[in-house]
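Subject: Structure handover

Hi,

Here is the structure we talked about. My notes follow below it.

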Amino acid sequence: MDNRVPPRAAGPGPRRRDRHGRGMRGPIAPPQVPLAASRAEAFADLVQDSVERLERRWPQLADIDFLVLEVPRLDARQGDVWNDEAVPLGGIVAARDGHRARVVVYRRPVEIRTKGRDERAALVHEVVVEQVAELLGLTPETVDPRYGED
């Protein structure tokens with residue numbers, strides 16, 4: 001009976017219980033449920049859906065990077081000036097120096113202007129279509145014939 005198990009050292013590693021002895025809290029929902037996705041992930045999914053919709057018609061979009069940033073950066077060195085009425089919802093960076101062209105969608109300005117998921121999806125698609133049109137030198141109606149229809 002001398003086979004006593006020594007107590008576990010309280011060193012580094014995951015804790016098995018919280019300080020009240022109830023156990024660690026886990027996720028609220030399983031990862032495959034939409035509830036588990038963060039707002040940023042859900043927004044990125046909307047942008048990706050819009051890009052996939054456009055890529056069927058415009059295969060050259062595979063050569064463009066689509067990014068989601070929280071807010072537009074105000075770069076005083078370049079003379080960028082915007083106010084409450086003119087905060088950009090998206091932007092483009094032309095291809096240069098071996099870097100691919102980029103279309104950027106700003107998450108927070110789009111979220112602030114929309115109330116629900118459907119409205120947000122529509123505005124994200126409009127922004128993506130407008131930025132792609134500007135990058136390709138076309139009209140938004142040419143890029144997506146359903147542009148502007150609600």
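Buried here means under 20% relative accessible area, exposed over 50%, and partly exposed in between (1.4 Å probe, protein chains only). The model is predicted, so local features need pLDDT of at least 70 and side-chain atom pairs pLDDT 80 or more, while totals for chains, interfaces and linings use all residues. Residues are numbered from 1 along each chain as its sequence is written, and side-chain values use heavy atoms, without hydrogens or water.

Helix α3 spans residues 117-136. Helices are DSSP runs of H or I, at least four residues, and strands are runs of E, at least two, numbered from the N terminus. Buried residues of α3 include Arg120, His125 and Gln131. Gly137 follows α3, with a positive phi near 75°.

Salt bridges next. The rule is a side-chain nitrogen of Lys or Arg within 4 Å of a carboxyl oxygen of Asp or Glu. That gives six.

- Arg53 pairs with Asp144 at 3.5 Å, N to O. Arg53 lies in α1 and Asp144 in the segment after α4, so the pair ties together parts 91 residues apart in sequence. Asp144 is buried at 7% relative accessibility; Arg53 is partly exposed at 33%.
- Arg107 meets Glu70, with the closest N and O atoms 2.6 Å apart. Arg107 is in helix α2 and Glu70 in the loop between β1 and β2, 37 residues apart.
- Arg108 bridges to Glu111, 2.9 Å between the closest N and O atoms. They sit three residues apart in α2, about one helical turn.

Arg39, Glu70, Arg107, Arg108 and Glu111 form a linked salt-bridge network.

Best wishes
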